[in-house]
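Please look over the points below with the model open beside them.

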Amino acid sequence: MADDPLVETWRIHDRIHRYLLDAIPEESLDATLGPKFRPVFKQFAHIHNVRLMWLKSAAPKLLEGLAKIEGDSGPKADLAKALEASGEAIATLVAKAVADDNGRIKGFKPHATAFVGYLIAHEAHHRGQIGWTLKGSGHALPQKVAFGLWEWSVR
């Protein structure tokens with residue numbers, strides 16, 4: 001059975017993070033615009049950690065096996081696994097809300113669609129910051145990758 005369109009929208013958005021991460025060389029994860037700015041690694045970690053914050057509030061059982069990412073750097077593979085796992089946990093939360101909870105996410109108003117919109121807006125903001133950080137620090141994304149972020153039909 002196919003995903004609910006809202007759940008599939010979330011999953012596409014989530015896969016785009018990993019597409020972006022996959023395109024960034026390991027050494028570029030430490031890139032930053034300056035001492036008061038988050039490095040690229042920490043920006044991805046922030047996305048993951050905010051997901052965990054929502055899961056803790058809305059569905060603590062979905063936190064099983066997930067851990068907050070601490071520090072400013074770490075292996076890219078670990079970051080990718082964490083993002084994939086937290087993304088799937090959010091997909092499960094949204095699917096449950098759509099199917100069982102009258103479209104509601106505990107602790108968020110008004111409904112699951114707005115919740116997904118909120119998360120996508122928040123995470124897309126940070127995805128943009130990642131792109132600017134890379135460009136501003138001399139690690140610009142290849143144009144193919146930058147455009148690929150918008151190819152939702154193939155992600």
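The notes that follow take the helix pairs, then the peptide bond, then the pocket.

1. Basis. This is a predicted model, in which local features need pLDDT of at least 70 and side-chain atom pairs count only at pLDDT 80 or more, while totals for chains, interfaces and linings use all residues. Residues are numbered from 1 along each chain as its sequence is written, and side-chain values use heavy atoms, with hydrogens and water left out.

2. α1 and α4. Helices here are DSSP runs (H or I, at least four residues), numbered from the N terminus. Helix α1 (residues 5-23) packs on α4 at an angle of about 15 degrees, and the two axes are 11 Å apart. The axes are lines fitted to C-alpha atoms over the stretch in contact, and angles run from 0 to 180 degrees between N-to-C directions. This makes α1 roughly parallel to α4 (angles under 35 degrees count as roughly parallel, over 145 as roughly antiparallel, 65 to 115 as roughly perpendicular and the rest as oblique). Their crossing is left-handed, a term used if the near helix is turned anticlockwise from the far one by less than a right angle.

3. Residues between α1 and α4. Contact means heavy atoms within 4.5 Å. On α1 the contributors include Trp10, His13 and His17, and on α4 they include Leu119, Glu123 and Arg127. The contact has 10 nonpolar, four polar and two charged residues. In this scheme Ala, Val, Leu, Ile, Met, Phe, Trp, Tyr, Cys and Pro count as nonpolar, Asp, Glu, Lys and Arg as charged, and the others, Gly among them, as polar.

4. α1 and α2. The axes of α1 and helix α2 (residues 40-58) come within 12 Å and cross at roughly 150 degrees, so the two helices are roughly antiparallel. This crossing, too, is left-handed. Trp10, Asp14, His17, Leu20 and Leu21 of α1 meet Phe44, Ile47 and Arg51 of α2. The contact divides into five nonpolar, one polar and two charged residues.

5. α2 and α4. These helices pack at about 170 degrees with axes 9 Å apart, and are therefore roughly antiparallel. Among the residues that meet are Phe44, Ile47 and Trp54 in α2 and Leu119, His122 and Ile130 in α4. By class, the contact has 10 nonpolar, six polar and two charged residues.

6. A cis bond. Most peptide bonds are trans. The bond from lysine 109 to proline 110 is cis, with omega near 10 degrees. Proline 110 is in the loop between α3 (76-99) and α4.

7. The largest pocket. About 400 Å³ of space lies in the largest pocket. Of its 15 lining residues, Gly128, Gly131, Leu141, Ala146 and Leu149 are the closest to the centre. A pocket is an open set of points on a 1 Å grid over the protein atoms alone, where a 1.4 Å probe fits, with protein on both sides within 12 Å along at least five of seven lines; lining residues have an atom within 4 Å of a point. Grid points are joined across faces, edges and corners, and the volume is the space filled by probe spheres set on them. The largest share of the lining, seven residues, comes from α4. By class, the lining has 10 nonpolar, three polar and two charged residues.
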